[in-house]
Amino acid sequence: MKNTNVLISGASIGGPALAYWLDRYGFDVTVVEKAPAPRPGGQAVDFKGAIHRTVLERMGILGEVLRLQTGGTDQEIVGADGRRLAVLPGEFTGGEIEITRGDLARLLYEKTAAAGCRYVFGDSITSLTQTASGVHVTFERGAPRTFDLVVGADGIHSNVRRLAFGPESDYVRFLGHYYALVDVPEIAGSVPSMYNEPGRMVAAGGPKAAAFFTFASPELDYDRYDTEGMKKILIEAYAGMGWRTPAILSEVRRADDVYLDSISQVRIDRYAEGRVALLGDAAYGNTLGGFGTGLALVGAYVLAGELALAGGDHQVAFKRYEEGFRGYAKIAKNGNAGPFLAPGTPGRIRMRNWMFKNRLLLKLMLKMTDMFATNIDLKDYPSLTGR
Ligand SMILES: Cc1cc2nc3c(=O)[nH]c(=O)nc-3n(C[C@H](O)[C@H](O)[C@H](O)COP(=O)(O)OP(=O)(O)OC[C@H]3O[C@@H](n4cnc5c(N)ncnc54)[C@H](O)[C@@H]3O)c2cc1C
């Protein structure tokens with residue numbers, strides 16, 4: 001096996017999932033993560049259909065994921081007076097297996113760290129220089145090192161993509177909305193509810209206890225690591241909104257952490273540039289599209305499997321990864337959750353709510369998502385290890 005010394009940027013879902021498989025195939029894995037520790041938080045993410053289930057099973061984590069699952073909960077769509085207008089069924093919002101992103105990331109991190117993968121938290125790559133035999137990497141904090149291969153699993157705003165492929169503006173399309181997540185205390189006895197005014201949506205209540213916002217906006221210039229700045233944007237965007245919004249905004253003012261990001265889509269014509277490859281949202285992200293976590297998980301399985309199958313030959317493996325995966329990742333090209341979650345006019349809000357009353361239409365939509373989530377022939381790479 002050649003090229004065994006691999007650096008992965010990003011320790012959320014794609015990064016640790018890739019680390020798991022590479023370690024199993026005998027690679028020596030280092031993961032660098034910008035955050036100071038595994039990042040908690042995030043909404044529930046979900047898995048759909050037989051392919052996701054198979055990969056979780058082959059990783060030996062299906063049982064643990066099922067144990068941690070939150071269970072899809074029905075969500076009420078309410079009017080300003082709290083009256084129920086429609087119900088978003090749990091199976092629609094939560095897929096087949098729903099788990100919080102933070103729990104899943106922690107599970108993957110603990111499993112791979114225990115297996116011997118090295119994690120470096122609180123650091124980030126500052127430059128990548130490719131040579132014929134490796135990639136010379138410099139870091140914000142750590143000493144420079146040379147790796148055989150580098151994989152960017154560092155999300156939709158990927159640092160590795162910027163350094164190896166070019167500026168974010170060449171590859172990421174802003175789709176006209178932002179979303180935010182803020183942990184708020186549980187509202188006793190409440191059910192998950194969602195309220196809309198044209199171009200704005202706020203959801204809160206129920207056991208998951210994270211307020212969720214989606215709003216239409218021109219592209220904003222802000223620092224994604226400045227909590228106070230993001231709070232200000234959110235509070236201004238929701239000024240004057242009815243229902244329980246003023247009370248929810250009071251909690252936002254008190255919150256320690258805010259996650260605010262654009263709804264955007266990655267469009268890139270290649271997943272690899274020499275010895276550097278992209279995985280997960282960095283390569284095929286579509287915010288809130290509902291497929292990001294499954295794509296990152298299956299993408300990690302395919303990328304690691306192809307590297308092992310090719311004896312570490314990155315040129316062969318990266319080509320096969322792209323050929324085998326681009327069709328499956330096509331789902332991320334479709335759709336924009338923004339106008340669906342926060343329709344722009346009262347008429348469009350009524351139309352969206354009507355859709356959720358139509359059982360037949362819902363069934364059809366669920367069938368279609370299941371079809372997309374299973375649209376890949378998985379090779380049996382684990383057999384390479386003889387286990
Ligand atoms: C805190 C958080 C909350 C999220 N919440 C939701 C949600 O509620 N709903 C939803 O659908 N999706 C959410 N996502 C996105 C979702 O996790 C992904 O769509 C999906 O799981 C694909 O995962 P990924 O590993 O490719 O990318 P991501 O999950 O985006 O992870 C990227 C990782 O790379 C790290 N990183 C970023 N820049 C650098 C850098 N310069 N150097 C090193 N590491 C870096 C990030 O800190 C993060 O840990 C969230 C992501 C994060 C990080």
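Helices and strands are here DSSP runs, numbered from the N terminus. By that numbering, N3 belongs to the segment before β1. The structure is a predicted model.

**The start of the chain**

N3 has a positive phi, near 55 degrees, and is a residue other than glycine. Most residues other than glycine have a negative phi. N3 counts as partly exposed because 19 other C-beta atoms lie within 10 Å, while a residue needs 20 or more to be buried.

Strand β1 covers residues 5–9 and contains I8. Is I8 buried or exposed, given its C-beta neighbours inside 10 Å? I8 has 31 of them, so I8 counts as buried. Leaving aside residues up to four places away in sequence, I8 touches G15, L18, A19, V29, V31, V151 and A153. Q43 stands 35 residues from I8 along the chain, and the C-alpha atoms of the two are separated by 24 Å.

**Helix α1 against helix α10**

Helix α1 spans residues 14–24 and helix α10 spans residues 292–309. The two pack with their axes 8 Å apart, at an angle of about 30 degrees. The crossing of α1 past α10 is right-handed. On the α1 side the contact is made by G14, A17, L18, W21 and L22. On the α10 side it is made by A296, L297, G299, A300, Y301, L303, A304 and G305. By type, the residues of this contact of α1 with α10 are 10 nonpolar, three polar and no charged.

**Helix α2 and its cover**

Helix α2 runs over residues 49–58, and I51, H52, V55 and L56 are buried in it. Why do they lie on the same side of α2? They cover an arc of only 130 degrees around the axis, which puts them there. An α-helix has 3.6 residues a turn, so residues three or four places apart point the same way. The cover over the buried residues of α2 includes β3 (44–47), α3 (62–68), α10 and α14 (359–373). Just after α2, G60 has a positive phi of about 75 degrees.

Strands of a sheet pair through backbone hydrogen bonds, either parallel or antiparallel.

β8 covers residues 125–130 and β9 covers residues 135–139. β8 and β9 form a hairpin, with four residues between them. The two pairings of the sheet are set out below.

| Strands | Sense | Bridges |
|---|---|---|
| β8 and β9 | antiparallel | five bridges |
| β9 and β10 | antiparallel | three bridges |

Which residue of β9 is the bridge partner of Q130? The partner is V135. V135 also stands opposite F147 in β10.

**A loop between two helices**

W243 is found in the loop between α7 (227–237) and α8 (245–254). W243 is not a glycine, although its phi is positive, at about 60 degrees. W243 is partly exposed because 19 other C-beta atoms lie within 10 Å.

How values were computed:
Residues numbered from 1 in each chain as written. Predicted model: local features only at pLDDT ≥ 70, side-chain atom pairs only at ≥ 80, totals over all residues. Axes fitted to C-alpha atoms, helices over the stretch in contact; angles between N-to-C directions. Left-handed = near helix turned anticlockwise from the far one by under 90°. Contact = placed C-beta atoms within 7 Å. Nonpolar A, V, L, I, M, F, W, Y, C, P; charged D, E, K, R; others polar. Pairing = 2+ DSSP bridges. Buried ≥ 20, exposed ≤ 12 C-beta atoms within 10 Å, placed from the backbone. Arc of directions from axis to C-beta.
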